[in-house]
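Walk me through this protein, step by step.

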Amino acid sequence: MIKAYLIDLDGTLYHGRHRIEGADKLIQTLNEQGMPYLFVTNNSSRTPQGVADHLNGMGIPADASQVCTSAVAAAEYVAQESPGAKVACIGEEGLLQAIEAAGLTLTDDEPEYVIQGIDREFSYHKLTKALRWINGGSKSVMTNPDLQLPSDDGLTPGAGTIGAAIEAATGVHPTVIGKPSSIIMKSAISRLNLKSDEVAVIGDNMRTDIAAGAAAGCETMLVLTGITTRDNMDSHIQATKVRPDHVFEDLHKLIEWLSQTTSQASKKG
(Lines give C-alpha, C1' and ligand atoms only; values in the text may rest on other atoms or scores of the structure.)
Protein backbone atom coordinates (compact mmCIF):
# COMPACT_ATOMS: atom_id res chain seq x y z
CA MET A 1 0.00 0.00 0.00
CA ILE A 2 1.35 3.42 -0.98
CA LYS A 3 1.77 5.71 2.03
CA ALA A 4 3.83 8.53 0.48
CA TYR A 5 5.20 9.88 -2.80
CA LEU A 6 8.59 11.09 -4.02
CA ILE A 7 7.99 13.64 -6.76
CA ASP A 8 10.45 14.78 -9.41
CA LEU A 9 10.44 18.45 -10.40
CA ASP A 10 11.82 19.52 -13.79
CA GLY A 11 9.84 17.77 -16.52
CA THR A 12 7.25 16.54 -14.03
CA LEU A 13 5.90 19.67 -12.33
CA TYR A 14 7.52 22.35 -14.46
CA HIS A 15 9.67 23.10 -17.48
CA GLY A 16 12.20 25.71 -16.35
CA ARG A 17 10.03 28.58 -15.13
CA HIS A 18 6.78 27.29 -16.64
CA ARG A 19 4.37 25.15 -14.62
CA ILE A 20 3.16 21.97 -16.28
CA GLU A 21 -0.62 21.84 -16.52
CA GLY A 22 -2.09 20.08 -13.49
CA ALA A 23 0.99 20.40 -11.25
CA ASP A 24 -0.76 22.67 -8.74
CA LYS A 25 -3.84 20.41 -8.75
CA LEU A 26 -1.67 17.32 -8.10
CA ILE A 27 -0.19 18.84 -4.95
CA GLN A 28 -3.63 20.10 -3.90
CA THR A 29 -5.01 16.57 -4.30
CA LEU A 30 -2.25 15.00 -2.22
CA ASN A 31 -2.77 17.61 0.50
CA GLU A 32 -6.53 17.02 0.53
CA GLN A 33 -5.90 13.28 0.87
CA GLY A 34 -3.45 13.89 3.72
CA MET A 35 -0.81 11.99 1.73
CA PRO A 36 2.84 12.75 2.64
CA TYR A 37 5.26 13.57 -0.17
CA LEU A 38 8.70 14.98 -0.81
CA PHE A 39 10.09 16.80 -3.82
CA VAL A 40 13.27 15.02 -4.96
CA THR A 41 15.60 16.81 -7.35
CA ASN A 42 19.05 16.26 -8.81
CA ASN A 43 19.55 20.03 -8.74
CA SER A 44 22.50 20.77 -6.44
CA SER A 45 22.76 24.52 -7.02
CA ARG A 46 19.60 25.57 -5.18
CA THR A 47 19.06 25.24 -1.44
CA PRO A 48 15.85 23.50 -0.30
CA GLN A 49 14.44 26.96 0.45
CA GLY A 50 15.42 28.10 -3.05
CA VAL A 51 13.61 25.13 -4.57
CA ALA A 52 10.53 25.82 -2.44
CA ASP A 53 10.58 29.49 -3.48
CA HIS A 54 10.79 28.45 -7.14
CA LEU A 55 7.77 26.16 -6.76
CA ASN A 56 5.73 28.70 -4.80
CA GLY A 57 6.50 31.30 -7.44
CA MET A 58 4.72 29.09 -9.98
CA GLY A 59 1.71 28.51 -7.75
CA ILE A 60 2.83 25.08 -6.53
CA PRO A 61 2.72 25.13 -2.70
CA ALA A 62 5.95 23.89 -1.15
CA ASP A 63 7.98 24.16 2.03
CA ALA A 64 11.75 23.76 2.31
CA SER A 65 11.22 20.80 4.66
CA GLN A 66 9.56 18.93 1.77
CA VAL A 67 12.57 19.27 -0.55
CA CYS A 68 15.34 16.69 -0.94
CA THR A 69 18.18 17.86 -3.20
CA SER A 70 21.17 15.88 -4.42
CA ALA A 71 23.37 18.37 -2.53
CA VAL A 72 21.68 17.64 0.80
CA ALA A 73 21.73 13.89 0.12
CA ALA A 74 25.45 14.02 -0.78
CA ALA A 75 26.36 15.93 2.36
CA GLU A 76 24.29 13.59 4.53
CA TYR A 77 25.89 10.56 2.87
CA VAL A 78 29.40 11.79 3.72
CA ALA A 79 28.37 12.85 7.24
CA GLN A 80 26.95 9.39 7.95
CA GLU A 81 30.05 7.69 6.60
CA SER A 82 32.50 10.04 8.34
CA PRO A 83 30.96 12.58 10.78
CA GLY A 84 32.70 15.96 10.72
CA ALA A 85 34.92 14.98 7.80
CA LYS A 86 37.15 17.49 6.02
CA VAL A 87 35.52 18.22 2.67
CA ALA A 88 36.50 20.18 -0.43
CA CYS A 89 33.58 21.53 -2.44
CA ILE A 90 33.32 22.03 -6.18
CA GLY A 91 29.86 23.48 -6.45
CA GLU A 92 27.51 26.35 -5.76
CA GLU A 93 25.51 27.79 -2.86
CA GLY A 94 23.14 24.84 -2.48
CA LEU A 95 26.03 22.42 -2.00
CA LEU A 96 28.05 24.73 0.23
CA GLN A 97 25.10 25.23 2.58
CA ALA A 98 24.32 21.50 2.63
CA ILE A 99 27.91 20.65 3.58
CA GLU A 100 27.89 23.14 6.45
CA ALA A 101 24.44 22.02 7.64
CA ALA A 102 25.65 18.40 7.77
CA GLY A 103 28.42 19.38 10.19
CA LEU A 104 31.22 18.76 7.71
CA THR A 105 34.39 20.88 7.62
CA LEU A 106 35.05 22.84 4.42
CA THR A 107 38.74 22.94 3.51
CA ASP A 108 41.16 23.16 0.60
CA ASP A 109 43.89 21.51 2.63
CA GLU A 110 44.10 17.70 2.35
CA PRO A 111 40.35 17.01 2.34
CA GLU A 112 39.08 13.53 3.09
CA TYR A 113 36.33 13.97 0.47
CA VAL A 114 35.78 15.99 -2.67
CA ILE A 115 32.06 16.65 -3.19
CA GLN A 116 31.29 17.93 -6.67
CA GLY A 117 28.08 19.28 -8.13
CA ILE A 118 27.16 21.82 -10.77
CA ASP A 119 29.70 24.65 -10.79
CA ARG A 120 29.20 27.32 -13.41
CA GLU A 121 32.60 28.77 -12.53
CA PHE A 122 34.44 25.48 -12.98
CA SER A 123 37.93 26.06 -14.36
CA TYR A 124 41.20 24.38 -15.24
CA HIS A 125 42.48 25.52 -11.84
CA LYS A 126 39.63 23.74 -10.05
CA LEU A 127 40.16 20.64 -12.18
CA THR A 128 43.83 20.63 -11.20
CA LYS A 129 42.96 20.90 -7.50
CA ALA A 130 40.44 18.05 -7.79
CA LEU A 131 43.01 15.90 -9.57
CA ARG A 132 45.58 16.44 -6.82
CA TRP A 133 43.13 15.96 -3.96
CA ILE A 134 41.70 12.72 -5.32
CA ASN A 135 45.05 11.31 -6.41
CA GLY A 136 46.25 12.20 -2.93
CA GLY A 137 43.61 9.96 -1.37
CA SER A 138 40.42 12.05 -1.12
CA LYS A 139 37.21 10.14 -1.82
CA SER A 140 35.26 11.44 -4.82
CA VAL A 141 31.52 12.08 -4.43
CA MET A 142 29.32 13.54 -7.18
CA THR A 143 25.91 15.01 -6.44
CA ASN A 144 24.31 13.91 -9.71
CA PRO A 145 25.30 12.54 -13.11
CA ASP A 146 23.23 14.85 -15.35
CA LEU A 147 25.34 15.63 -18.43
CA GLN A 148 23.07 18.35 -19.79
CA LEU A 149 20.69 20.87 -18.27
CA PRO A 150 17.91 22.82 -20.00
CA SER A 151 18.00 26.60 -19.82
CA ASP A 152 15.93 29.40 -21.30
CA ASP A 153 18.31 29.73 -24.25
CA GLY A 154 19.26 26.07 -24.81
CA LEU A 155 21.17 23.19 -23.23
CA THR A 156 24.06 23.77 -20.83
CA PRO A 157 26.62 21.30 -19.33
CA GLY A 158 25.48 19.61 -16.12
CA ALA A 159 27.27 18.31 -13.03
CA GLY A 160 27.92 15.02 -14.79
CA THR A 161 29.93 16.76 -17.49
CA ILE A 162 32.20 18.32 -14.86
CA GLY A 163 32.39 14.96 -13.10
CA ALA A 164 33.42 13.30 -16.37
CA ALA A 165 36.35 15.69 -16.64
CA ILE A 166 37.44 14.95 -13.08
CA GLU A 167 37.07 11.19 -13.61
CA ALA A 168 39.09 11.40 -16.83
CA ALA A 169 41.84 13.29 -15.03
CA THR A 170 41.97 11.03 -11.96
CA GLY A 171 40.85 7.65 -13.27
CA VAL A 172 38.59 7.43 -10.21
CA HIS A 173 34.85 6.80 -10.60
CA PRO A 174 32.94 8.88 -8.02
CA THR A 175 30.19 7.75 -5.70
CA VAL A 176 27.08 9.10 -7.41
CA ILE A 177 24.29 10.32 -5.12
CA GLY A 178 21.56 11.64 -7.40
CA LYS A 179 19.15 9.80 -9.67
CA PRO A 180 19.43 7.16 -11.13
CA SER A 181 21.38 6.18 -7.99
CA SER A 182 19.21 4.77 -5.22
CA ILE A 183 21.17 6.77 -2.61
CA ILE A 184 19.10 9.94 -2.94
CA MET A 185 15.88 7.93 -2.94
CA LYS A 186 16.85 6.03 0.22
CA SER A 187 17.75 9.34 1.86
CA ALA A 188 14.27 10.68 1.08
CA ILE A 189 12.57 7.44 2.17
CA SER A 190 14.37 7.57 5.52
CA ARG A 191 13.03 11.09 6.07
CA LEU A 192 9.52 9.74 5.56
CA ASN A 193 10.24 6.96 8.07
CA LEU A 194 8.70 4.40 5.72
CA LYS A 195 9.76 1.23 3.92
CA SER A 196 10.64 1.39 0.23
CA ASP A 197 7.62 -0.64 -0.84
CA GLU A 198 5.34 1.87 0.91
CA VAL A 199 6.60 4.72 -1.29
CA ALA A 200 5.89 5.55 -4.95
CA VAL A 201 8.08 7.66 -7.23
CA ILE A 202 6.49 10.08 -9.72
CA GLY A 203 8.73 11.27 -12.56
CA ASP A 204 9.05 11.99 -16.27
CA ASN A 205 12.41 10.39 -16.99
CA MET A 206 12.85 6.62 -17.28
CA ARG A 207 16.64 6.88 -17.08
CA THR A 208 16.71 8.87 -13.83
CA ASP A 209 13.46 9.03 -11.85
CA ILE A 210 12.00 5.63 -12.71
CA ALA A 211 15.35 3.82 -12.70
CA ALA A 212 16.19 5.30 -9.28
CA GLY A 213 12.78 4.43 -7.88
CA ALA A 214 13.06 0.84 -9.08
CA ALA A 215 16.61 0.56 -7.70
CA ALA A 216 15.34 1.71 -4.30
CA GLY A 217 12.47 -0.80 -4.34
CA CYS A 218 9.68 1.75 -4.78
CA GLU A 219 6.57 1.62 -6.93
CA THR A 220 7.11 3.78 -10.02
CA MET A 221 4.79 6.14 -11.87
CA LEU A 222 5.88 7.59 -15.21
CA VAL A 223 4.17 10.74 -16.46
CA LEU A 224 4.69 11.56 -20.14
CA THR A 225 5.22 15.26 -19.48
CA GLY A 226 8.94 15.54 -20.14
CA ILE A 227 11.91 13.45 -21.24
CA THR A 228 10.20 10.09 -21.78
CA THR A 229 7.43 10.02 -24.40
CA ARG A 230 5.28 7.35 -26.02
CA ASP A 231 7.68 7.39 -28.97
CA ASN A 232 10.90 6.82 -26.99
CA MET A 233 9.57 4.88 -23.99
CA ASP A 234 10.46 1.44 -25.38
CA SER A 235 14.06 2.47 -26.04
CA HIS A 236 14.30 3.87 -22.51
CA ILE A 237 12.90 0.62 -21.09
CA GLN A 238 15.49 -1.36 -23.05
CA ALA A 239 18.29 0.94 -21.87
CA THR A 240 17.32 0.86 -18.20
CA LYS A 241 16.01 -2.72 -18.05
CA VAL A 242 13.20 -1.23 -15.98
CA ARG A 243 9.49 -1.02 -16.74
CA PRO A 244 7.35 1.54 -14.87
CA ASP A 245 4.52 0.18 -12.74
CA HIS A 246 2.15 2.85 -14.06
CA VAL A 247 2.20 5.19 -17.07
CA PHE A 248 0.08 8.35 -17.30
CA GLU A 249 -0.32 10.59 -20.35
CA ASP A 250 -0.34 13.72 -18.18
CA LEU A 251 -0.81 14.92 -14.61
CA HIS A 252 -4.59 15.05 -14.98
CA LYS A 253 -4.65 11.30 -15.66
CA LEU A 254 -2.48 10.74 -12.59
CA ILE A 255 -4.83 12.87 -10.47
CA GLU A 256 -7.82 10.84 -11.71
CA TRP A 257 -6.01 7.64 -10.71
CA LEU A 258 -5.20 9.04 -7.26
CA SER A 259 -8.82 10.04 -6.71
CA GLN A 260 -10.13 6.63 -7.82
CA THR A 261 -7.61 4.79 -5.65
CA THR A 262 -8.54 6.85 -2.60
CA SER A 263 -12.24 6.29 -3.25
CA GLN A 264 -11.77 2.53 -3.56
CA ALA A 265 -9.69 2.43 -0.37
CA SER A 266 -12.33 4.35 1.59
CA LYS A 267 -15.07 1.99 0.41
CA LYS A 268 -13.04 -1.02 1.54
CA GLY A 269 -12.41 0.69 4.87
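Lys-86 stands opposite Thr-105 in β7. This is a place where two strands meet: β6 and β7 run parallel and are joined by two bridges. Strands here are DSSP runs of E with at least two residues, helices are runs of H or I with at least four residues, and both are numbered from the N terminus. Two strands pair if DSSP finds at least two bridges between them.

A word on the source. This is a predicted model, in which local features need pLDDT of at least 70, side-chain atom pairs count only at pLDDT 80 or more, and totals for chains, interfaces and linings use all residues. Residues are numbered from 1 along each chain as its sequence is written, and side-chain values use heavy atoms, with hydrogens and water left out.

Now widen the view to the sheet. Its five strands follow the order β7-β6-β8-β9-β12, the sheet is open, and the pairing is parallel. Which strands stand at the edges? They are β7 (105-106) and β12 (175-176). Each has a single partner strand, so one side of each is left without a neighbour in the sheet.

Helices cover this sheet. Helix α4 (residues 93-101) packs on it and touches β6, β7 and β8. The direction of α4 makes about 170 degrees with that of β6. Such angles run from 0 to 180 degrees between N-to-C directions, and axes are lines fitted to C-alpha atoms, for helices over the stretch in contact. Helix α6 lies across β6, β8 and β9 and runs at about 145 degrees to β8.

Look inside α4 for Leu-95. Is Leu-95 buried or exposed? Leu-95 counts as buried because its relative accessibility is 0%. Buried means under 20% relative accessible area, exposed means over 50%, and partly exposed lies in between (1.4 Å probe, protein chains only). Leaving aside neighbours within four places in sequence, Leu-95 is in contact with residues including Ala-71, Cys-89, Ile-115 and Thr-143. Contact means heavy atoms within 4.5 Å.

Next comes helix α5 (residues 124-135). Its twelve residues reach 16 Å from the first C-alpha to the last, close to the 16 Å expected at 1.5 Å a residue. The expected span is 1.5 Å times one less than the number of residues. The buried residues of α5 are Leu-127, Thr-128, Ala-130, Trp-133 and Ile-134. What covers them includes β6 (86-90), β8 (113-116), β9 (139-142) and α6 (159-170). After α5 comes Gly-137, with a positive phi near 120 degrees.

The buried residues of α3 include Ser-70, Val-72, Val-78 and Ala-79.

How do α3 and helix α7 (residues 182-192) cross? Their axes come within 10 Å and cross at roughly 85 degrees. That makes α3 roughly perpendicular to α7. Angles of 65 to 115 degrees count as roughly perpendicular, under 35 as roughly parallel, over 145 as roughly antiparallel, and the rest as oblique. Ser-70, Ala-73, Glu-76 and Tyr-77 in α3 meet Ile-183, Ile-184 and Ser-187 in α7.

Gly-178 sits in the loop between β12 and α7. Gly-178 is buried because its relative accessible area is 0%. Leaving aside neighbours within four places in sequence, Gly-178 is in contact with Asn-42, Ser-70, Thr-143, Asn-144, Pro-145 and Ile-184.

How many aromatic pairs does the structure hold? It holds two. Tyr-37 and Phe-39 form an edge-to-face pair, 5.5 Å centre to centre with 70 degrees between the planes. Phe-248 and Trp-257 form an edge-to-face pair too, at 5.9 Å and 65 degrees. Rings of Phe, Tyr and Trp (its six-membered ring) pair if their centres lie within 6.5 Å; planes under 30 degrees apart count as stacked, over 60 as edge-to-face and the rest as tilted. Tyr-37 is buried at 6% relative accessibility, Phe-39 at 0% and Phe-248 at 7%.
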